[in-house]
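This report looks at surface and charge contacts in one protein model. Please have the sequence and the structure open while reading.

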Amino acid sequence: MIEKKLEIVKTEIWRDSETRTHRYVFRREWESAKKDEKTGPLAVVITIRPSDVEPFTTDLTLFLIEQNIRKLGNYSGFLAVNLFSSTELTTTSSFASKGTDENTMETLSTALSQKGVKTIIFAVGSVIHSNTTAIEQTKAIYNLLNAKQKKMTKVLTDPNTGSWSHPLNPTCRKSWKLADIDPQLFEQLLPE
């Protein structure tokens, strides 16, 4: 027997219109064309930086995010946002000088508040242990969250070590392990 299934995938990006060097949000949603299949909630995945501003370009990080969000089930899509919105970052030392612009935090706050968001996942890896600017930006984003959003916040972890991970980490590529963020640990990691 042959079964035919139609799935419609929508992609939306938010980028700066002048230089096209900042991507604030990459949103991808999928829905079945069958009327009896309902769409589920969305996940927000926070990584380090975008690689492109085009809606039809999918780098390995976005591919792995979509693959693993689908595997987690119950989601009809995701919003990929980043600590830094610039696509021109080549080194971690450039985070402070050109990583964000005047729109970054406002659009990030809007994305985090989108209707249907059920889970917010920090997937920034070890950069938060080694880069002061990344630590400060992670804390700033965490502080944007209200109490309800903080309760639905998770962190992608390395299944072998339990440390914060990034989707490109080889131990996380096939399957994601999410953990709750311990607010006390978070505050110790990101001092005032």
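Which residues make the nonpolar surface patch of about 260 Å²? Leu 60, Phe 63 and Leu 168 do. The model is predicted. Leu 60 belongs to helix H1, which covers residues 60-72. With a relative accessibility of 42%, Leu 60 is partly exposed.

Now the charged contacts. The whole structure holds 5 salt bridges. Among them are these:

| Salt bridge | N to O distance |
|---|---|
| Glu 7 with Arg 70 | 2.7 Å |
| Arg 28 with Glu 66 | 2.9 Å |
| Glu 66 with Arg 70 | 3.0 Å |

Take the salt bridge between Glu 7 and Arg 70. Glu 7 sits in strand S1 (residues 7-15) and Arg 70 in helix H1, so this pair ties together parts 63 residues apart in sequence. Glu 7 is partly exposed, at 32% relative accessible area. Arg 70 is also partly exposed, at 32%.

Next comes the salt bridge of Arg 28 and Glu 66. This pair links distant parts of the chain: Arg 28 is in strand S2 (residues 23-32), Glu 66 is in helix H1, and 38 residues separate them. Are these two side chains buried or exposed? Arg 28 is buried, with 9% relative accessibility. Glu 66 is buried as well, at 14%.

The salt bridge between Glu 66 and Arg 70 stays within helix H1, where the two residues are 4 apart, about one turn of the helix. Through shared partners, salt bridges join Glu 7, Arg 28, Glu 66 and Arg 70 into one network.

Methods
Residues are numbered from 1 along each chain as its sequence is written. This is a predicted model: local features need pLDDT of at least 70, side-chain atom pairs count only at pLDDT 80 or more; totals for chains, interfaces and linings use all residues. Side-chain values use heavy atoms; hydrogens and water are left out. Patches are made of residues with over 30% relative accessible area and no salt bridge: like charges are joined within 9 Å, nonpolar side chains (Val, Leu, Ile, Met, Phe, Trp, Tyr) within 5 Å. Accessible areas come from the Shrake-Rupley method with a 1.4 Å probe; for residues, only the protein chains shown count as cover. A salt bridge is a side-chain nitrogen of Lys or Arg within 4 Å of a carboxyl oxygen of Asp or Glu. Buried means under 20% relative accessible area, exposed over 50%, partly exposed in between (1.4 Å probe, protein chains only).
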